[in-house]
Amino acid sequence: MPRNFLTATLLLSAFSMAACTTKPKELPPQPSASTTTTRPDAPTPAGPVPGSQADFLASVLSDTVYFDTDRYNVDTEDQGTLQSQAQWLARYPGKSVTIEGHCDERGTRDYNIALGERRANAAKNYLVSVGVDASRISTVSYGKERPLALGSDEASWAKNRRAVTITVQ
Amino acid sequence: MTIRKLALLLAVASFPALAFAQQAAVPASAASPQADEGGLTGSVTDESEWQDLGIAIPSFPTDRSEATAADGGTTEVLGRNLARVVYGDLKNNGLFKPVGPDALPGIAYAEVASPAFAGWRGRSAEMLVQGFVKAVADGRLTVGCYLYDVSLGTELARQGYVVKPEEWRRAAHKCADMVYSRLSGESPFFDSKIAYIAETGPKDRRRKQLAIMDSDGANHRFITNGQATALTPRYSPDYSKIVYLSYLNGAPRIYVYEIGTGRQTLVTQGKGPTFAPRWSPDGKSILYSMAISGNTDIYRVPATGGESVRLTNTPGINVGGSYSPDGSKIVFESDRSGSQQVYVMDAGGGNQRRISFFGGRSATPEWSPRGDQIAFTHMAGNFRIAVMNPQGGEMRELTDSWQDEAPTWAPNGRIIQFFRTQKNSGESSIWQVDLTGRNERKLDTPRGASDPAWGPVLP
């Protein structure tokens, strides 16, 4: 019985931490009566809830792969990143992801929407090639509409030419 | 005094009731021009403007000042506002040096159809635009517009318009169009509207709303509230609808928005993202681009919905599209050669061939409403607005800035609008330039602005 209490406490604490990480605006759940019985020397839970976006970010090399100007090919570094994402997806077969494709500002609007889609699709194709079911991956292109780096220089543009994998929770 | 009163009455009697038509008949000049300068009682308030005088546009008098729902409240005040709009139109296109009602003496109602040429000659006016405004019984307004050659002492053109009070600016735009057409030999364009994207907020969280305005920036109105990013609008040829891209449901899709009802419909139920929508010249079909498995092709769909027809079928990105005015050809962009270049095809998709060979990338082609030119974005270092003929020859760059893109044509094919983005801040604004590359100027918009789309001249 004390063991069950402890498990419940761990899960609740972990959940509240994850909630804090991914949705800062939401307050952690109020502790229930049972959790108040936790002994002060109970071990502090560490790490995000398994299968959560926080868990994904903590488990993979990166959620983002980068592209050269006007290119959409997945290079060896990107492959390592995407393989780590594929491993996580293998661990949580119930989870789906959306891949966002982005471009730098040095292109015309319509073309960049198409290019962002092509980049997201290239990342998707790689995940599929290493065993992820295509039905678990959706893509969306934001073209040049959502830059991450705000400068108008090569370093900023390189950060913005990207495909970002986000778990669907 | 008696003579002047008589002239006034004659003039009033000779202004016929005008039909609800664009160019209703208006009276001829009185047989003998008035030598009396009694109407020229004001004084010139800005001497410097007189030095540049090409066209004088005094306030439009009214026969009897009456209350009106139009801006100004009375027909007398409205007459000045009308002349101001004509002045603004003619001033901003670079061909003329007009002087407006705020720098000119007023004229009497009777003078409208019988100008005091001697007086205007004395003030070095070469051309003279005079008009009148009258309230009609049903609340509408009659506006007359006359163009005179001062040195010859002759009338060159005249038109009359009957408009609802809320459409009073259209009468002034039609008047400016008459003057512009008569003096330049070009087709009119002032009485037209622009759809565009209003932008606010920081670069990484920019709010983008669909908005519309008259060609001079008046009657500005937001169509969407900015909750969903809106991009690349295009007015239907009859101005009843706008096709545009929205992230309304999270993914980019093209929608048709009906201006009268506010109703919005998804054009196609395709699975992939749809973007870069364009109308056919007859308004019956819409071109759009759709990505399937990362490959983008151009499709055509009936504007009312239905089966889509794929027009391109090559690996890579085929996007955009703009019909020739006769609807027989489409100019579009494709990176099938390795980089964005401009191609032309038959409206059914046949005979696709590249026409841009300029170095750098060439994108966003738009066929001129006159058919003789294609405007596009030339990216070679800076992004510049350029034009070429439909065979890809005679390329000329019209602008030079860090990032100018997305040209759209004035309805007469003589002026191009585009948007200019500032380095680093990413702030954008709409600019226009004429076909000679001169008379570049920024349009006034309440917020940042991009993706302009100029509609046709209103019927």
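Reader: Among contacts in chain B between residues at least 6 apart in sequence, what percentage join residues at least 24 apart?

Author: Please keep in mind that this is a predicted model. In chain B, 47% of the contacts between residues at least 6 apart in sequence join residues at least 24 apart. For chain A, residues 24 or more positions apart account for 72% of the contacts with a separation of 6 or more.

Reader: At what angle do helices α3 and α4 of chain A pack?

Author: Helix α3 (residues 76-91) and helix α4 (residues 109-129) of chain A pack at about 60°, and their axes are 9 Å apart. Angles from 65 to 115 degrees would count as roughly perpendicular and those under 35 as roughly parallel; α3(A) and α4(A) are therefore oblique to each other. Their crossing is right-handed.

Reader: Which residues meet where α3(A) and α4(A) touch?

Author: From α3(A) come A:Q79, A:L82, A:Q85 and A:A86, which meet A:A123, A:Y126 and A:L127 of α4(A). By class, this contact has five nonpolar, two polar and no charged residues.

Reader: How is the pairing of strands to be read, and what is the order of the open sheet of four strands in chain B?

Author: In a regular strand the side chains alternate between the two faces of the sheet. The open sheet in chain B has the order β21-β22-β23-β24, with antiparallel pairing. Its edge strands are β21 and β24 (396-397), each of which pairs on one side only. Within the sheet, β22 (residues 374-380) and β23 (residues 382-388) of chain B pair in the antiparallel sense over seven bridges; B:T377 has B:I385 in β23(B) as its bridge partner.

Reader: Is strand β29 of chain B buried or exposed?

Author: Seven of the seven residues of β29 (residues 448-454) of chain B are buried, so this strand is largely enclosed by the rest of the structure. Strand β6 (residues 193-200) of chain B runs antiparallel to β29(B), and five bridges join them. One bridge pairs B:A198 with B:A449 in β29(B).

Reader: Where in chain B do B:N351 and B:T364 lie, and what are their phi values?

Author: B:N351 is not a glycine, yet its phi is positive, at about 55°. B:N351 lies in the loop between β19 (341-346) and β20 (353-354) of chain B, and this residue is exposed, with 10 other C-beta atoms within 10 Å. B:T364, also a residue other than glycine, has a positive phi near 45°. The place of B:T364 is in strand β21 of chain B, where B:T364 is buried, with 29 other C-beta atoms within 10 Å.

Reader: Finally, how many residues of chain B are in contact with chain A?

Author: The size of an interface is often given as the accessible area lost when the parts come together. Here one may count residues: 31 of chain B are in contact with 22 of chain A. The elements giving two or more residues to the chain B side include β9 (230-235), β13 (274-279) and β21 (361-367) of chain B. By class, that side has 11 nonpolar, 14 polar and six charged residues.

Definitions and conventions:
Residues are numbered from 1 along each chain as its sequence is written. Chains are lettered from A and ligands numbered from 1 in the order in which they are written. This is a predicted model: local features need pLDDT of at least 70, side-chain atom pairs count only at pLDDT 80 or more; totals for chains, interfaces and linings use all residues. Axes are lines fitted to C-alpha atoms, for helices over the stretch in contact, and angles run from 0 to 180 degrees between N-to-C directions. Angles under 35 degrees count as roughly parallel, over 145 as roughly antiparallel, 65 to 115 as roughly perpendicular and the rest as oblique. A crossing is left-handed if the near helix is turned anticlockwise from the far one by less than a right angle, and right-handed if clockwise. Two residues are in contact if their C-beta atoms, placed from the backbone, lie within 7 Å. Ala, Val, Leu, Ile, Met, Phe, Trp, Tyr, Cys and Pro count as nonpolar, Asp, Glu, Lys and Arg as charged, and the others, Gly among them, as polar. A residue is buried if 20 or more other C-beta atoms lie within 10 Å of its own, exposed if 12 or fewer, and partly exposed in between; C-beta atoms are placed from the backbone. Two strands pair if DSSP finds at least two bridges between them.
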